[in-house]
Amino acid sequence: MYPKSPFLRNPLVESQILQRNPSQLEELMSWLCKVPTITTYRVNSLRTTVPAFKQKLQEILHERYTQPPKVYEIPSIPEVLCILPTSFSVDMKQKQSDLQREVVVDSCCGAALLRGAHIYAPGVLAMEAGTKINEEVLVYADLAGKCKQGTNIRYDSLDKIFLGVGVVRMQRHQIFGPTMSSTAEPLKGIAVEMIETMSGVPTIGDLSCKEALLQNLPSIVCVRVLNPQPGERVLDMCAAPGNKTTHIAELMGDKGEVIALDKVANKISGMLVKITNLALKSIRAYNFDATKAFCADKEAEDNECLGMPPFAANTFDKILLDAPCSALGNRPLLVGPPNMSQRMLQSYPKVQRKLFSAAVPLLKPNGVLVYSTCTVTEEENEGMVAWVLEKFPQMRLVPATPHLGGIGLEQTALSDVERQYVQRFGQQPKEFEGIPIDTVGFFIAKFIKEY
Ligand SMILES: C[S@@+](CC[C@H](N)C(=O)[O-])C[C@H]1O[C@@H](n2cnc3c(N)ncnc32)[C@H](O)[C@@H]1O
């Protein structure tokens with residue numbers, strides 16, 4: 001059912017991804033197209049307990065499934081709850097021959113559905129005329145990007161893939177009606193509630209709330225690798241939408257200082273709402289270009305609270321550089337980003353180097369810097385670590401523990417020992433401590449500043 005590669009229409013970009021390990025490209029591309037089978041929630045320990053949220057999840061799953069999927073914990077990361085896929089409760093083949101009508105969504109929405117989401121109104125491209133509320137429909141994704149929003153006839157294409165079965169919750173005119181004009185309010189609400197998809201990931205939507213957040217496992221591991229402690233001064237350089245920032249503050253028991261920067265103003269506004277809702281007092285978020293966060297002329301601040309950015313040398317105990325990247329690890333990647341070009345791919349390492357160059361002086365001696373990306377390219381991952389080790393002799397690579405992912409790629413500038421220290425989610429073993437790990441592509445490296 002899945003394509004062989006997200007880059008069938010963009011072979012030039014595909015060829016850039018693993019230039020030094022081309023023999024692994026085919027396997028990587030096919031893995032990117034597949035759905036991660038585990039769903040993970042990070043429990044906010046300042047608001048609730050893991051057993052309490054686990055019970056809430058289990059109640060929801062029991063209500064929805066006669067054979068509810070298993071919810072399990074990961075001992076080395078106690079705030080995580082994982083949900084396994086379900087066994088099919090409906091006969092998909094039978095449904096494909098019985099059901100009359102189809103709904104078509106775009107490839108991004110399709111990817112979200114395969115991970116357990118429902119279809120929100122803006123995601124619907126086609127719904128056949130005459131489709132009724134509460135009618136069961138077959139749901140497809142248009143991989144070619146040719147289906148026009150508002151289509152009211154059967155959309156036939158060799159590039160559409162079957163995703164699953166859903167129930168219509170909004171009528172056509174509510175989805176496509178007056179709101180199709182550019183001046184109208186954006187569409188809101190669930191248009192089609194999914195019953196089951198081909199991935200088997202439970203279709204429970206996003207249950208994020210103050211008590212817990214739906215978050216990919218490697219993003220949670222990343223903050224655990226940083227290991228923030230109460231009372232520390234931590235910089236989150238590229239922070240929006242703030243999911244790692246709030247995790248940092250939670251692990252610090254909301255004691256200490258977390259400075260969050262992002263260069264996009266409206267993303268910071270959204271983050272501020274989130275921080276206020278969670279009542280986290282230790283975080284201060286600024287709309288600021290982190291490549292300019294270091295100021296060589298500024299005196300070290302000995303006030304209890306830091307002022308505004310930029311900051312003086314040796315200010316932070318820990319720095320998270322969760323860098324802007326090509327984001328190619330976001331599985332399932334059914335179709336690669338349509339606007340991704342070779343030039344664009346080559347632009348990311350440039351900004352990542354600038355961000356590193358600002359981070360190193362900001363870190364205190366013995367301070368910890370964690371670098372992460374949600375992509376799979378050599379240049380942005382192993383290549384960036386090799387560049388840092390060469391450019392900044394004061395930075396020592398140390399093991400990125402807890403290590404749930406795989407190791408770094410071969411044939412890059414990293415030594416065999418260095419490859420073992422970094423954490424690449426992609427080629428990892430399928431299990432960790434007996435627990436299945438099937439998640440998105442991600443990379444984590446940890447450094448200590450020696451002087
Ligand atoms: C991978 S996302 C960060 C995700 C975030 N850490 C989280 O877990 O919620 C990268 C972010 O970097 C921001 N960004 C890009 N260039 C930046 C710069 N020069 N300074 C600060 N932020 C930047 C982007 O706006 C984007 O929000």
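Two ground rules. Residues count from 1 along each chain, as its sequence is written. As the model is predicted, local features need pLDDT of at least 70, side-chain atom pairs count only at pLDDT 80 or more, and totals for chains, interfaces and linings use all residues.

Start with the ligand. Which residues come nearest to the ligand? Of the 18 residues around it, they are C238, N243, A290, D322 and P324. Being near here means that the C-beta atom, placed from the backbone, lies within 6 Å of the molecule. Two elements give two or more residues to this shell: α8 (243-251) and β12 (257-262). Helices are DSSP runs of H or I with at least four residues, strands are runs of E with at least two, and numbering starts at the N terminus. By class, the shell holds eight nonpolar, six charged and four polar residues. Nonpolar means Ala, Val, Leu, Ile, Met, Phe, Trp, Tyr, Cys and Pro; charged means Asp, Glu, Lys and Arg; the others, Gly among them, are polar.

Stay with α8. Helix α7 (residues 217-226) packs with α8 at about 45°, and their axes are 10 Å apart. The axes are lines fitted to C-alpha atoms over the stretch in contact, with angles from 0 to 180 degrees between N-to-C directions. The two helices are therefore oblique to each other. That label covers what is left after under 35 degrees (roughly parallel), over 145 (roughly antiparallel) and 65 to 115 (roughly perpendicular). The crossing of α7 past α8 is right-handed, meaning that the near helix is turned clockwise from the far one by less than a right angle.

Who meets whom? From α7 come S219, I220, C222, V223 and L226; from α8 come N243, K244, H247, I248 and L251. That contact has six nonpolar, three polar and one charged residues. Contact means C-beta atoms, placed from the backbone, within 7 Å.

Next, K255, in the loop between α8 and β12. Is K255 buried or exposed? K255 is exposed, because 12 other C-beta atoms lie within 10 Å. The cut-offs: buried is 20 or more other C-beta atoms within 10 Å, exposed is 12 or fewer, partly exposed is in between, with C-beta atoms placed from the backbone. Leaving aside neighbours within four places in sequence, K255 is in contact with P230, G231 and S282.

Now helix α5 (residues 107-114). α5 is mostly covered, with six of its eight residues buried. Those are S107, C109, G110, A111, L113 and L114. They pack against strands β4 (102-106), β5 (119-120), β7 (136-142), β8 (160-168) and β9 (190-197). Just after α5, G116 has a positive phi of about 110°.

A cis peptide bond joins P309 and P310, with omega about 5°. P310 sits in the loop between β13 (283-287) and β14 (316-322). The bond from T401 to P402 is also cis, and its omega is near 0°. P402 is in the loop between β16 (395-398) and α12 (416-421).

A327 is in the loop between β14 and α10 (342-362). A327 counts as partly exposed, because it has 17 C-beta neighbours inside 10 Å. N366 lies in strand β15 (residues 363-373). With 10 such neighbours inside 10 Å, N366 counts as exposed.

Conventions: Contact = placed C-beta atoms within 7 Å.
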